[in-house]
Amino acid sequence: MKEIEKMKAGRLYSFADPEVAESGRHAGRLCARLQTMTAHEPDYRRVIEELIPGIPPDSTVVPPFHCDHGHGIHMGHHCFINYDCVFLDGGGIRLGDHVLIGPGCHIYTPEHPKDYRLRRQPQETCHAVTIGDDTWLGGSVVVCPGVTIGRRCIIAAGSVVVSDIPDDCMAAGNPAVVKKHLNPDL
């Protein structure tokens, strides 16, 4: 199995592998281009579609935006990613339809080994993050590797999400905990 396949499968992989490193360089070049444009520039759509293949035409990522690969981001329809977000997407980041991501949010899929000796090597694992339909992350939310946030959720600004959040919940804090159940009529 190739290292980039291991990365996507959640297995320990080498980020020094030439194919993985080139994927990161490619994303870095495209992110750097985005830094000098707005979402209304003529070239914006071409650059964002090269960075995030399959991004729906009705979804928007507002620059500046940073990611380490881009091809691991899967966005639904009518998503809006606000200014200054960071998506480390080696393990895959899946956004449902109508997802709103506030400014300065960070979504992480990589995780370094727990054993310090293994951390000395250029290796890590990645764990997918999923955010359900109609969910809103307030500004500066951090979502950690492997987390699933359900549908129709609200995550309060500044929260750090370290574990799954069920559908129809408002969560807040560090670590984020469910504070309220939403949409009781569903």
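Select Asp115 and Arg117: these two form a salt bridge, with the closest N and O atoms 3.0 Å apart. A salt bridge here is a side-chain nitrogen of Lys or Arg within 4 Å of a carboxyl oxygen of Asp or Glu. Asp115 is partly exposed, at 27% relative accessibility. Partly exposed lies between buried (under 20% relative accessible area) and exposed (over 50%), computed with a 1.4 Å probe and protein chains only.

Before moving on, note that this is a predicted model, where local features need pLDDT of at least 70, side-chain atom pairs count only at pLDDT 80 or more, and totals for chains, interfaces and linings use all residues. Residues are numbered from 1 along each chain as its sequence is written, and side-chain values use heavy atoms, leaving out hydrogens and water.

**Stop 1**

How many salt bridges does the count come to? The count is eleven. Select Glu22 and Arg29 for one of them: N to O is 2.9 Å. Glu22 is partly exposed at 33% relative accessibility, and Arg29 is partly exposed at 46%.

Next, pick Lys2 and Glu19. Their salt bridge has its closest N and O atoms 3.3 Å apart. Lys2 sits in the segment before α1 (3-9) and Glu19 in helix α2, so the pair ties together parts 17 residues apart in sequence. Helices (H or I, at least four residues) and strands (E, at least two) are DSSP runs, numbered from the N terminus. Lys2 is partly exposed, at 45%. Glu19 is partly exposed too, at 34%.

**Stop 1: His26**

Stay in helix α2 (residues 18-34) and select His26. His26 is partly exposed, with 28% relative accessibility. Which side chain does the side chain of His26 touch in a polar contact? The partner is the side chain of Glu50, at 2.9 Å. A polar contact is a pair of N or O atoms within 3.5 Å; within protein, one must be able to donate a hydrogen and the other to accept it, and residues adjacent in sequence count only if both atoms are side-chain atoms.

**Stop 2: two rings**

Select Phe65 and Phe87. The count of aromatic pairs comes to one. Phe65 and Phe87 form that pair, edge-to-face, with 5.3 Å centre to centre and 75° between the planes. Rings of Phe, Tyr and Trp (its six-membered ring) pair if their centres lie within 6.5 Å; planes under 30 degrees apart are stacked, over 60 edge-to-face, and the rest tilted. Phe65 is in strand β3 (residues 65-67) and Phe87 in strand β6 (residues 85-88), 22 residues apart. Buried or exposed? Phe65 is buried, at 0% relative accessible area. Phe87 is buried as well, at 1%.

**Stop 3: the strands**

Switch to cartoon view. An open sheet of four strands runs β4-β7-β12-β15, with parallel pairing. Strands β4 (73-75) and β15 (148-149) stand at the edges with a single partner strand each, so one side of each has no neighbour in the sheet. Two strands pair if DSSP finds at least two bridges between them. Strand β7 (residues 93-95) and strand β12 (residues 129-131) pair over three bridges. Select Leu95: its bridge partner in β12 is Ile131.

Finish at strand β18 (residues 169-173) and strand β19 (residues 176-181), which pair in the antiparallel sense over five bridges. They form a hairpin with two residues between them. Ala172 stands opposite Val177 in β19.
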